Amino acid sequence: MKKAFALSAAAAGLMLAGIVTPGTATAAPATGTQARAVAACSTWIDYANGRGRAHANCQGTGVDVSVYVKCGNARSYPSSPYWRWEYNKAECPSGIGATGMSYATR
C-alpha cells in the first residue's frame, strides 16, 4: 500500500533566484512503516544546474520513494528511476523552475 504526499507550491521567482523552499507534507494518517516515513522524510525544491528540482529524503525509514515535480511550464515530471530506496529527485526541463512537488512511499 502506498501513500502520496503533496507539498504547497513555491513562488516561481524564488525558484529562479535559486532559493531553496522547504514544504510541509500533508496526508491522511498513516500506520507502521509509512508513519515513520512521513515523520522522517525531508522534502524541498530548488533550482540548480539550470533547472528546477524536487527532492524527497527518507533516509533510515526503509521505504522506496517516488517524486513528481510540478514545473513552470504547467507540466509534472516523475523521478527517474520511478522508485528509489530512501531518496529520490525529479527534474524540470532545462531553463524551467519548479513550482511544487509531491512524493509517495511504499
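**Entry 1. Disulfide search.** I worked from a predicted model. I searched the whole structure and found 2 disulfides. Counting bonded cysteines along the chain, I noted the pattern 1-2, 3-4.

**Entry 2. Cys41 and Cys58.** I found Cys41 joined to Cys58, with an S to S distance of 2.1 Å. I placed Cys41 in the loop between helix H2 (32-40) and strand S3 (42-48), and Cys58 in the loop between strand S4 (51-57) and strand S5 (64-71), so this pair ties together parts that are 17 residues apart in sequence. I noted both Cys41 and Cys58 as buried.

**Entry 3. Cys71 and Cys92.** I found the sulfur atoms of Cys71 and Cys92 2.0 Å apart, forming a disulfide. Cys71 lies in strand S5 and Cys92 in the loop between S8 and strand S9 (98-105); the pair therefore ties together parts that are 21 residues apart in sequence. The torsion about the S-S bond of Cys71 and Cys92 is about -95°, so I recorded a left-handed disulfide. Cys71 has 4% relative accessibility and counts as buried; Cys92 is buried at 1%.

**Entry 4. Glu86.** I located Glu86 in the loop between strand S7 (84-85) and strand S8 (87-91). Its relative accessible area is 14%, so I classed Glu86 as buried, the cut-off being under 20%. Leaving aside neighbours within four places in sequence, I listed the contacts of Glu86, among them Asn57, Cys58, Gln59 and Gly60.

Notes:
Residues numbered from 1 in each chain as written. Predicted model: local features only at pLDDT ≥ 70, side-chain atom pairs only at ≥ 80, totals over all residues. Heavy atoms only, no water. Helix = DSSP H or I, 4+ residues; strand = E, 2+ residues; numbered from the N terminus. Buried < 20%, exposed > 50% of the residue type's maximum accessible area, 1.4 Å probe, protein only. Contact = heavy atoms within 4.5 Å. Disulfide = S-S within 2.5 Å.
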